[in-house]
Amino acid sequence: MSETKNSLVAERPDQFFAGRKVWITGHRGMLGSAMVRSFANENAELLLTSRQELDLRNQHAVFEWVERNRPEMIFHIGAKVGGIHANATLPADFLYDNIMVQTNVINAAHRFSAKKMVFVASNCTYPTKAEQPIKEEALLTGPLDQNIRAYAVSKIAGIEMCRAYRKQHGSNFISVIPPNLYGPGDNYHPQHSHVVAGILRRTHEAKLAGKTEFVVWGDGTPRRELLHVDDLADAMKCLMAADTQYDLYNVGPGFDHSIAELATMIAEVVGFKGDIVYDTSKPNGTMAKLLDSSRILSLGWRPKVDERRGLQSSYEDLLKLFATSGQDGRL
Ligand SMILES: NC(=O)c1ccc[n+]([C@@H]2O[C@H](COP(=O)([O-])OP(=O)(O)OC[C@H]3O[C@@H](n4cnc5c(N)ncnc54)[C@H](OP(=O)(O)O)[C@@H]3O)[C@@H](O)[C@H]2O)c1
């Protein structure tokens, strides 16, 4: 537990963000755009930078921008993100990009006196054999999933960097660990997508092609906890506004599904009537990653998005994307 106090605690919680300079990194991505949507009625001064305007790997550019703009609150979301295939084939890119981006943002936040930062890590930072449901204390207690080790190590470095700045400088920097995310703006690329987007795309394509079966990677037994991005955006704002006592918070709904259950649910949403076939030549990944989210639940946060309705809206998002960009999805 860490004692860093929140100098931002508001007298009127509904006005907490009003007039504040809030920097959302990675605001064009799936979670970043959910965060921007969630600020529609907050009257905050949102600071948004695209990769073209500010490549977060560039230390000089980041320092210069933060010095000029002086964000008070930072939601650090921008990162190189991808599914198992991307992680297995591009480990150097995941490690380099994420460590550079985090190092620059965290160090600049300290140098130019940001009041609080919420950094997004990932559940793959936990050991593959962590006791379920996984508590925050499980971090760094065992070996990681080999398929996503580079990405996991980069995110562990981010969590530890926030911790180190808290300890050495008293910086109010905290980290969140979400489970698998889904929602509008997801990446449907055939090789680079995460579990929900990947299964949605393959099911949709099987339906369009009139196939009698569609293929799911792995044997269907691993279990995954899902969180809609709107719920994570809400949780991150709750943590920004709260007088947080810890430096690390799991944020999940507290239940998971086997991949087979998830594939069946998605097939129903898509309206695919054929068989689900499992490609056991593809890796399963970690068998279970259910988070213990007691810390954030004790602050009053609860997920609000109904899962089936959330999956339905993801499918509508995929249909819209395919209608405007052909069948390519987002690269
Ligand atoms: N998706 C999941 O299931 C999941 C699960 C756990 C944790 N997370 C974490 O949640 C966060 C958001 O994930 P997401 O799924 O929303 O990812 P995403 O859609 O790929 O968005 C990532 C954003 O980061 C930006 N970015 C990446 N490198 C950058 C750089 N060098 N300079 C400036 N901007 C850069 C991207 O900009 P461009 O658009 O220009 O590429 C993009 O806007 C990430 O930190 C991720 O690790 C995601």
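The structure described here is a predicted model. Leu 140 is placed in the loop between E4 and H5, and it has a positive phi of about 65° although it is not a glycine. Most residues other than glycine have a negative phi, and most peptide bonds are trans. A positive phi is also found at Ser 113, again not a glycine, where the value is about 60°. Ser 113 belongs to the loop between helix H4 (91-111) and E4, and with a relative accessible area of 56% it is exposed. The loop between strand E4 (116-120) and H5 also holds Pro 133. The peptide bond that leads from Gln 132 to Pro 133 is cis, with omega near -15°.

The ligand has 26 residues around it, of which Met 30, Leu 31, Ile 77, Tyr 151 and Lys 155 come nearest. Lys 155 places an N or O atom of its side chain 2.8 Å from an oxygen atom of the ligand. Backbone atoms take part as well: a polar backbone atom of Gly 29 is 3.1 Å from a ligand oxygen, and a backbone N or O atom of Leu 56 lies 3.0 Å from a ligand nitrogen. On its own the ligand has 900 Å² of accessible area, and the protein covers 89% of it. Two or more residues of the shell around the ligand are given by each of helix H1 (30-38), H5 and strand E6 (180-182).

Helix H5 (residues 149-169) also contains Val 153. Together with Leu 95 and Ile 99, Val 153 makes a nonpolar surface patch of about 190 Å². The relative accessibility of Val 153 is 37%, so this residue counts as partly exposed.

The buried residues of H7 are Val 229, Asp 231, Leu 232, Ala 233, Ala 235, Met 236, Lys 237, Leu 239 and Met 240. In H8, Ile 259, Leu 262, Ala 263, Met 265, Ile 266, Ala 267, Val 269 and Val 270 are buried. Just after H8 comes Gly 271, with a positive phi of about 85°.

Polar contacts involve buried residues in two loops. Thr 49 lies in the loop between strand E2 (45-48) and helix H2 (59-69), and its relative accessibility of 8% classes it as buried. The side chain of Thr 49 is joined to that of Trp 23 by a polar contact of 3.3 Å. Asn 187 is found in the loop between E6 and helix H6 (195-208) and, at 12% relative accessibility, counts as buried. A polar atom of the Asn 187 side chain lies 3.0 Å from the backbone nitrogen of His 189.

The count of salt bridges comes to 18. In one of these, the side chains of Glu 72 and Arg 20 meet with an N to O distance of 3.1 Å. This pair links distant parts of the chain, 52 residues apart: Glu 72 is in the loop between H2 and strand E3 (73-76), and Arg 20 is in the segment before strand E1 (21-24). Glu 72 counts as buried at 17% relative accessibility, whereas Arg 20, at 22%, counts as partly exposed. Arg 20 and Glu 72 are linked with Lys 115 in a network of salt bridges.

Arg 57 forms a salt bridge with Asp 97, in which the closest N and O atoms are 3.4 Å apart. Distant parts of the chain are again linked, with Arg 57 in the loop between E2 and H2 and Asp 97 in helix H4, 40 residues apart. Arg 57 is partly exposed at 27% relative accessibility, while Asp 97 is buried, with a relative accessible area of 13%. A further salt bridge, at 3.4 Å from N to O, brings together the side chains of Asp 279 and Lys 282. Lys 282 has a relative accessibility of 30% and therefore counts as partly exposed.

How values were computed
Residues numbered from 1 in each chain as written. Predicted model: local features only at pLDDT ≥ 70, side-chain atom pairs only at ≥ 80, totals over all residues. Heavy atoms only, no water. Buried < 20%, exposed > 50% of the residue type's maximum accessible area, 1.4 Å probe, protein only. Helix = DSSP H or I, 4+ residues; strand = E, 2+ residues; numbered from the N terminus. Patch = residues over 30% accessible without salt bridge, like charges linked within 9 Å, V, L, I, M, F, W, Y side chains within 5 Å. Areas by Shrake-Rupley, 256 points an atom, 1.4 Å probe, with all protein chains shown as cover. Salt bridge = Lys/Arg side-chain N within 4 Å of Asp/Glu carboxyl O. Near = heavy atom within 4 Å. Polar contact = N/O pair within 3.5 Å; in protein donor to acceptor, adjacent residues only side chain to side chain.
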